[in-house]
Amino acid sequence: MSATAFSLKEWIFTTDHKRVGVLYLIGSLAAFLLAGIMAMLMRAELTTVGPTVTTNPNAYNVWLYFHGAAMILGYQIPALTGFFANYYVPLMIGAKDVAFPRVNALSVWLYWMGIVLALLTFVIPDPPDIMWTGYPPYSSEFSPGNTSFYTFVVLLIGFSSIAGGINFITTIIKMRAPGITWNNLNIFIWSILAAFTLQIIFVPVLGVAVTLLSFDKYLGTNFFKAAAGGSSLIYENLFWFYSHPAVYVILLPAVGIIYEIVATFTRNRIFNYKMVVYGGFWGTVLLSGVVWAHHIYVSGMPNWIVILQVFTSLLISVPVGLLMVGLLGTLYKGAIEFRTPMLYASGFLFLFLIGGLTGIPNAMSGIYQQIHGTYWITGHFHYVMALSVTSAIIGGVYYIFPKLTGKMYKESLGKLSFILFIIGVNVTFFPWFIMGINGMPRRYYDYQQFPQFEGLQQLSTAGAVIIALSMLVVLIAWLHGLIAGEKSSDNPWGSKSLEWTHTVSPPPPGNFSEIPKLTADWSPYNYGRKQEEGKKIDEEL
Amino acid sequence: MRCKHYFASIIVSLSLSFLFINNLYAKGIADPAEGWNHLWYELMVDIIIIGVIFAVLTLYLLLRYRRKQPDEEGQGPELSPLAALGWALIPTFIFLADDIFLGAKNFELWNKYRNIPENAYAINLESAMWSWEFNYPEGIKATNELRVPAGEPIMLKMTSRDVVHNLFIPEYKVKWEIRPGTMDTIWFYPKKTGEYVMTCVEFCGVLHSSMHGKVIVMQKDEFSKWIETEKNKIK
Ligand SMILES: [Cu+2]
């Protein structure tokens, strides 16, 4: 692969899971960059009460719509279930490729079509301004923006995700190398299995909801029009029935990546593997379908649903707590080395702790009366999704970098990027909790009724500048590593996972010279034991 | 087994204390905002305790188990089936106990929000892009200014003319979605006179962030005078 010259045609028609993965990575980083630019524009706008960089609130609303949709649909889901899933799954289970390589190529190009369509937001005269939640009847009747854009972006990326789900679930069930069982599968593989199970169950619900929006708006139906017997509350239920599980579609693979990083850099076995897999990942999957109502406690619903879902939502703390216990347990008696990926994983532990704990109030319908729709909510989900998950994605790319490129990034740049990141995110987002609890509403272009928050808004904007700097350093570190990085060995971290031990960096098409055969006591986390000869597999690769 | 008894007793005692507290609050008009403040304080104590325990533990583990030799490997324990089960169940029961405790506490607060006092002063609210229109039982109309008497529970009967809005009054820790085609009710209990912000917290179009107004809490007699003058204006 490295010997051949770059060929655009080869990339476009590729069915190699690693190249498909890289296509996802490029798309998702581009979406992240654009969403980040939108965020910086919004932060600039909010530095003063009243108009700051634009006098047009609609411009701000379009930035915000794009930021939310791009972060979730364009960046996080594709980075995790697109790039990392594609790159890791066949390598970690000892397969030559995914089960349906052409379907895989279809998935990535559907996703790219979604990205291109989303980019047209900045070209068309009537960009959508309906927020990533797209509530009717605003979106289906009143918005001057183009709601069909939203519908089609969601549908394209949704189809892409369902095709990916079928592909990866089949791959994981059917194509594991001899010796890889349900008891020694990488944790990341479990997280992908859980995430795609959620996608397959719940994406169709979102697809229906957003399709009905466009039916109402363009075809004259009345699904959400109260005057004609419809109900906008139905949309809110359908939307969150998908969009709460979507949080776990994003979170679980991110936790999976963190587990891989932590295991490698502590050179330690996973603490209580079965608890992590069944209690943590599958416990979350089990609960995820019965907690959507906590997004709409103030929308009106029968009391018994409220009371039931207060408890189910609070119960999420059990599987998520078990995932944390597993991570901390893996640190115990480990041999921790603080390379850049491990720094990001350590950052994750603290960011996710803050994000998780600030989620507890959101489950409580009474407490929710004050915090719904405020910066408290946005603070919470930025800590969980934006910050924790981005730690996992960026840390995960640093981690996979030598495998992906065959080269090593510069450690000093990596560490600098982490330090800027961890300072920047806390300066930016911690003030949101303080503003939120005192009533600052989200999705506000202006806040003349809350002038007391100007100082905290400015602090937050200052933090955003630090985050932007950290992302610049990340970009420099990766480009520098790609162009001028030193050649890396096949297993620079000393990991025992298959993608490091059984193939070269970068892996050739087909991944392995022959399908690895593993003995029953093989484990990707087989650390701390005496190395028995004969159980080590052929190293001649 | 001993653990199970221990946690069962925690759950039972928590439920009992909840019932006890619930009885204390049962008489008179329970102000949701006060209940909110009270529960928020308890919640913060709860969260901060958990947070500090986890943060200190994480920091300790990260610093304590750093690699000393380059070829060193972790020596994490291999758990026996019983230990593995214990390590899953004990945290589960701890989290579960906290969840049940918080859920029960929330139930109590939620009831305060949902049980509207029978003598509440009812005002109609119709929201529209981007203003609030109030209709008093005396026939008075007001836009973006909600005048209410201090010391009386106030109920709003709300509907929307166009899109979904959401009325939020931070001072009274109350908000509710307002949608076309339905009539939803909320209530709050103003005690101190003064002016307080009310604002929309459901995205409703280009001027969403400008959709705000004031709750003006007046002395009871001043309020009655205002009602009289306004009534005369209508005639
Ligand atoms: Cu509004």
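This is a predicted model: local features need pLDDT of at least 70, side-chain atom pairs count only at pLDDT 80 or more; totals for chains, interfaces and linings use all residues.
Local features were considered at pLDDT of at least 70, and side-chain atom pairs only at pLDDT 80 or more. Residues are numbered from 1 along each chain as its sequence is written, and chains are lettered from A in the order in which they are written.

The copper ion is held by four donor atoms: ND1 of H165(B), SG of C200(B), SG of C204(B) and SD of M211(B), at 2.0 to 2.5 Å. Donors are N, O and S atoms within 2.8 Å of the metal (3.2 Å for Na, K and Ca), with water not among the atoms. The angles among the four donor atoms are 88 to 124°, and the site is tetrahedral, a term that requires all angles to lie between 85 and 135 degrees. For comparison, the ideal angle for four tetrahedral donors is 109.5 degrees. H165(B) lies in strand β6 (residues 165–169) and M211(B) in the loop between β9 (194–200) and β10 (212–218), so the pair ties together parts of chain B that are 46 residues apart in sequence. Strands are DSSP runs of E with at least two residues, and helices are runs of H or I with at least four. Both H165(B) and M211(B) are buried, that is, under 20% relative accessible area with a 1.4 Å probe and protein chains only.

Most residues other than glycine have a negative phi. In M131(A), however, phi is near 65°; this residue lies in the loop between α4 (101–119) and α5 (138–142) of chain A and is buried, at 1% relative accessibility. K173(B) likewise has a positive phi, of about 50°, and is buried at 13%.

Definitions and conventions: Side-chain values use heavy atoms; hydrogens and water are left out. Four donors count as tetrahedral if all angles lie between 85 and 135 degrees; four count as square planar and six as octahedral if opposite donors are over 155 degrees apart and all others between 65 and 115; anything else is irregular. Buried means under 20% relative accessible area, exposed over 50%, partly exposed in between (1.4 Å probe, protein chains only).
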